[in-house]
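Please open the model in a viewer and follow the stops below in order. Each stop names a selection and then describes what is found there.

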Protein chains: 2
Amino acid sequence: MIVVLAGGVGAAKFLEGLAAVLPPEQITVIANTGDDAEFYDLHVSPDMDTVLYTLAGIVDRERGWGIAGDTFHCLRALERLGQETWFQLGDRDLATHLTRTTRLRQGATLSEATEELRQALGVACRILPMSDGRAQTRLRTTAGIVAFQEYFVKLRQEPEVLEADFSEAAASQPASGVLKAIADADGIIVAPSNPILSIGPILAVPGIREALRNTAAPIAAISPIVGGRALKGPADRILKSLGLGASAAAVAELFRDFVDIFVLDLEDASLRDEVEGKGMKAVITQTVMSTPEVRQELARKVLEGLARK
Amino acid sequence: MIVVLAGGVGAAKFLEGLAAVLPPEQITVIANTGDDAEFYDLHVSPDMDTVLYTLAGIVDRERGWGIAGDTFHCLRALERLGQETWFQLGDRDLATHLTRTTRLRQGATLSEATEELRQALGVACRILPMSDGRAQTRLRTTAGIVAFQEYFVKLRQEPEVLEADFSEAAASQPASGVLKAIADADGIIVAPSNPILSIGPILAVPGIREALRNTAAPIAAISPIVGGRALKGPADRILKSLGLGASAAAVAELFRDFVDIFVLDLEDASLRDEVEGKGMKAVITQTVMSTPEVRQELARKVLEGLARK
């Protein structure tokens, strides 16, 4: 069993490659729920949905999130009724949130609701939320303290992030099965997601980081920073504003206490010594997942790295 | 101020005519909420929505309910996720239910949520739900005891109705303003709605029937039965199966304790004596509201009848 710690779009692309080179039943995803939010009293799990939609083959490839060909008639109607509509909820996408929220109100856990959605969407990978409890990330920014989605969508990641507050994640519990999946894994992969905002909340859940340190499984992380830049989103700017420096090596530093293998892009080959100086083995390969072939080749390289360890 | 007791499609058509011949600010609608239901934990008020959409000029004229040009992408997606989808919720329509439900969860009353929707949709008539409390009609049918929408939509009104159970309405309270609107009205109109299933729940709310009996305002009712047939829906079959007989005179009989003027279609002119024998004045005119002109002419005739009383 291969366990993948996952954020949203970058993780989903990588998982797509991984599920093509490995029987998907052998993949367990531990998904970030720090970016979960409520809109119109619906529980929305953006990272999990991106993973679900991508693995179900229904994701909008252009945007990387949401459902391909989705429409926004409900959202436009909400706007006409005077509701806040900065979070883009598609009509088909809404069905996921309605289904999840209904199940949560009936008393199901987020894990149970996710399991049912996964099965209904025909996704073969197991998907576990990092926590069943409320674990929403808040950010102290130059525009004040805001919830993650407010920063990410409403404010378009424009304010500078001064501090990421994972106190809800830190007060939550890992979802059932998470610690065991880490302990029993044959290999663990940290997907190329934002190390602060997507992987950070997962690591903040009590017990998860310790389990990663203690597991016998080899652990690889794929850098989401290539040539000093985030492939998507604000990871580079956030690393900088937190004083960590926007380089793949800074990401390696964040994970040095539990990661054995660090995957660098060809463009960052010069960082090999710096990364290996942190006690990790560097694997250098193409990480910019522009085509299905590259995604699969990256997955293969990471699995090889794990097998060699 | 003219007060109209209203069900769904028939009432909405009449109200459209009335709002064209009277300043709409002078109209107060008391709407049936006996057919309210929850789908995916959303509070749906089908009769109020039909009235709202019709008066806002956005109703689907072909169907008589829902929003013109609406799509059903969310519903189809819910179906793919294994949800029950027999109740037709359009994508734009969903925005109404999300907005209403959000407000109810925030602690607003149904009256307050309705008032906000009316304003957002630019409807000038005042619309009051008969009750702010739960007042869902249940029906004992040849297919068992079912909620109203289950009978009406899921079972397509096919089973015979043996008994209409308004016990929830009877245990509720009139919404704020309802009794005062009846007491202070210059005239009251019972719209051509199903007398058992649409007007019945309103009359079952404690105090409303008494207020209608006691008001100084003249009260007119428009028969929804023409030539022994309901213009829409199962009113004729229900009147028959309850042993009341499917005629306009049977409807007059149901309302004889509070109605002063009973409006018959030209086709039912022969029922004049029978109706007037019940102590009402009969007004005979075209009631089949096929065009805006007929709707307005009907409204004018009813207002004349009220003025003459």
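**Stop 1: a loop in chain A**

Select Gln157(A), which is found in the loop between helix H6 (148-154) and strand E8 (161-165) of chain A. Helices (H or I, at least four residues) and strands (E, at least two) are DSSP runs, numbered from the N terminus. Gln157(A) has a positive phi of about 60 degrees although it is not a glycine. The residue Gln157(A) is partly exposed, with 17 other C-beta atoms within 10 Å. A residue counts as buried if 20 or more other C-beta atoms lie within 10 Å of its own, as exposed if 12 or fewer do, and as partly exposed in between, with C-beta atoms placed from the backbone.

This is a predicted model, in which local features need pLDDT of at least 70, side-chain atom pairs count only at pLDDT 80 or more, and totals for chains, interfaces and linings use all residues. Residues are numbered from 1 along each chain as its sequence is written, while chains are lettered from A and ligands numbered from 1 in the order in which they are written.

**Stop 2: the whole of chain A**

Now select chain A, which contains 14 helices and 14 strands. Its average pLDDT (the predictor's confidence in each residue, from 0 to 100) is 96, and 100% of the residues score at least 70. The C-alpha trace of chain A spans about 60 × 40 × 40 Å along its principal axes. Buried residues make up 53% of the 309 residues in chain A.

**Stop 3: helix H1 of chain A**

Select residues 9-21 of chain A to display helix H1, whose 13 residues reach 19 Å from the first C-alpha to the last, close to the 18 Å expected at 1.5 Å a residue. The expected span is 1.5 Å times one less than the number of residues. How many of the 13 residues of H1(A) are buried? Eleven are, so H1(A) is largely enclosed by the rest of the structure. Among them are Val9(A), Phe14(A) and Leu18(A).

**Stop 4: the interface and its axis**

Display both chains. A rotation of 180 degrees with 0.0 Å of shift along its axis superposes chain A on chain B (RMSD 0.0 Å). This is the relation of a two-fold axis. The superposition is by least squares on the C-alpha atoms of residues with pLDDT of at least 70 in both copies. Of the residues of chain A, Asp91(A) comes closest to the rotation axis, at 3.1 Å (C-alpha).

Next, select the interface: 21 residues of chain A are in contact (C-beta atoms, placed from the backbone, within 7 Å) with 21 residues of chain B. The largest share of the side of chain A that touches chain B, nine residues, comes from H4(A). The predictor gives the complex an ipTM of 0.92 and a pTM of 0.93.

**Stop 5: two residues of chain B**

Select Pro46(B), in helix H2 (residues 46-55) of chain B. Pro46(B) is buried, with 23 other C-beta atoms within 10 Å. Not counting residues up to four places away in sequence, Pro46(B) touches Gly8(B), Asp35(B) and Trp65(B).

Finally, select Tyr40(B), in the loop between strand E3 (37-39) and strand E4 (42-44) of chain B. Tyr40(B) has a positive phi of about 55 degrees although it is not a glycine. Is Tyr40(B) buried or exposed? Tyr40(B) is buried, with 25 other C-beta atoms within 10 Å.
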